[in-house]
Structures are given as C-alpha cells and as structure tokens.
Amino acid sequence: MSDDDHEDEPEPEGVLFKGEDNAAKRIKAEREQRGWSTTTLSDRLNEAGYEMNPSAVWRIENGKRRINLDEAIGFAEVFGVSLSNLVGPPALAAAGRAMELIDTVAAANAAAQRAQHAYRRANAELAAYLDEHPDIREAADVMVSNAIAESTMKINQEEFGLPPEP
C-alpha cells in the first residue's frame with residue numbers, strides 16, 4: 001500500500017504532538033461556540049493582558065501563524081479552560097467536560113503516586129529505626145496500626161458518611 005492510498009484518510013485526532021494544531025482548532029471552535037468574532041476575541045485577550053489583534057487570531061485559527069506559549073495561556077484564560085484542555089484533542093473537548101475530568105484523574109493519580117512513594121519512604125525509615133531499636137518494635141507496630149485504622153475510618157467517613165446505627 002503506497003502513501004497515496006492514505007491521502008483521503010483523516011489523521012487521527014488526539015496525538016499530543018499536535019498540540020499547536022489542536023489549539024488552533026479549539027480556539028476557533030471556542031470562539032464560534034460563544035458567537036464571538038475574531039475582533040471580540042482579540043478585545044477579550046487584550047483586556048486580559050494578552051496583546052493580540054483580530055488578524056492574528058484569524059491566522060492562528062487557520063494555521064497561518066504559530067501560537068506561542070504566552071498566547072496559548074491567554075486563550076485558555078479567556079475561554080476559562082486549562083492549558084492542557086486547549087491543546088488536547090478537539091474531539092475530547094467537544095465531549096463536554098472530558099478534558100477537565102481527564103485532568104482531574106491525571107492530577108489525582110499523580111498525587112496518589114507521590115503519596116505512595118512518601119508512604120514507602122516513611123515505612124522504610126521506620127523499619128530501619130526499629131531494626132536498631134527492637135525493644136520498641138511491638139509498641140511502634142501497634143501505634144502504626146492504630147493510626148492507619150483511625151485515618152482510614154476518618155477518610156471513609158468523609159467520603160461515605162457515618163455508618164448506620166445498629
């Protein structure tokens with residue numbers, strides 16, 4: 001199969017390496033969804049402190065001009081979306097809150113990973129300390145167990161409420 005056989009096939013959306021192309025499509029879509037002209041968008045960018053004329057907005061939307069990082073930040077701010085949402089796949093953005101929720105999931109995962117690493121480090125430090133002080137190991141193990149159980153109960157109560165009364 002030659003390269004010519006693929007000419008009419010659309011390129012798959014969502015490749016993050018196409019963030020600039022995605023941003024151009026999103027800027028146009030967001031502007032049109034709000035019923036704004038390029039002049040209105042330009043005015044809003046200028047009011048927010050991001051200097052941009054209507055011609056530059058049109059050229060960015062139509063791939064005739066590259067967008068720099070500061071400008072992308074300005075567009076995201078004016079539209080009220082995250083920068084990763086602006087440069088993300090347009091198809092996901094069109095699905096409502098998909099990109100915001102994806103950002104939330106990614107941030108929660110990163111926080112969970114950091115917390116897991118901190119837990120392993122703290123546990124390893126405690127284990128090393130208790131190896132040097134075996135006479136307090138049993139009491140320390142009980143305290144750790146109780147503290148974890150108490151913390152788990154508190155988190156579960158915050159998440160699910162108090163358990164029903166027996």
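Predicted model: local features only at pLDDT ≥ 70, side-chain atom pairs only at ≥ 80, totals over all residues.

Me: What makes H4 a helix?

Reply: H4 covers residues 69-79, and a helix here is a DSSP run of H or I with at least four residues. That run therefore counts as a helix, and the numbering goes from the N terminus.

Me: What caps the N-terminal end of H4?

Reply: That's Asn68: one of its side-chain oxygens lies 3.0 Å from the backbone nitrogen of Asp70. The cut-off for a polar contact is 3.5 Å between N or O atoms, so the 3.0 Å pair qualifies.

Me: Why is Leu69 called exposed?

Reply: Leu69 has 55% relative accessibility, and exposed means over 50%. So Leu69 counts as exposed.

Me: What makes the nonpolar surface patch with Leu69 in it?

Reply: Leu69, Ile73 and Leu83 make that patch, about 240 Å² of it.

Me: Which residues of H4 are buried, and what covers them?

Reply: The buried ones are Glu71, Ala72, Gly74, Phe75, Ala76, Val78 and Phe79; buried means under 20% relative accessible area. Their cover includes helix H1 (19-33), helix H2 (38-47), helix H3 (54-61) and helix H5 (83-87).

Me: How do you know that H4 contributes to the largest nonpolar core?

Reply: That core has 17 residues, and those touching the most other members are Ile27, Leu41, Leu45, Met52, Phe75, Phe79 and Leu86. H1, H2, H3 and H4 each give two or more residues to this core, with the largest share, five residues, coming from H4.

Me: What does Leu41 touch?

Reply: Leaving aside residues up to four places away in sequence, Leu41 touches Ile27, Arg31, Trp36, Val57, Glu61, Phe75, Val78 and Phe79. Phe75 and Phe79 are also on the list of buried H4 residues.

Me: What is the secondary structure of the whole protein?

Reply: It comes to eight helices and zero strands, so the pattern along the sequence reads α-α-α-α-α-α-α-α.

Me: How much of the protein is buried, and what about its surface?

Reply: Buried residues make up 22% of the 166 residues. The accessible surface comes to about 12,000 Å², with 55% of that belonging to carbon and sulfur atoms. As for contacts between residues at least 6 apart in sequence, 43% join residues at least 24 apart.

Key. Residues numbered from 1 in each chain as written. Heavy atoms only, no water. Patch = residues over 30% accessible without salt bridge, like charges linked within 9 Å, V, L, I, M, F, W, Y side chains within 5 Å. Areas by Shrake-Rupley, 256 points an atom, 1.4 Å probe, with all protein chains shown as cover. Salt bridge = Lys/Arg side-chain N within 4 Å of Asp/Glu carboxyl O. Buried < 20%, exposed > 50% of the residue type's maximum accessible area, 1.4 Å probe, protein only. Contact = heavy atoms within 4.5 Å. Polar contact = N/O pair within 3.5 Å; in protein donor to acceptor, adjacent residues only side chain to side chain. Core = buried A, V, L, I, M, F, W, Y, C linked by side-chain atoms within 4.5 Å.
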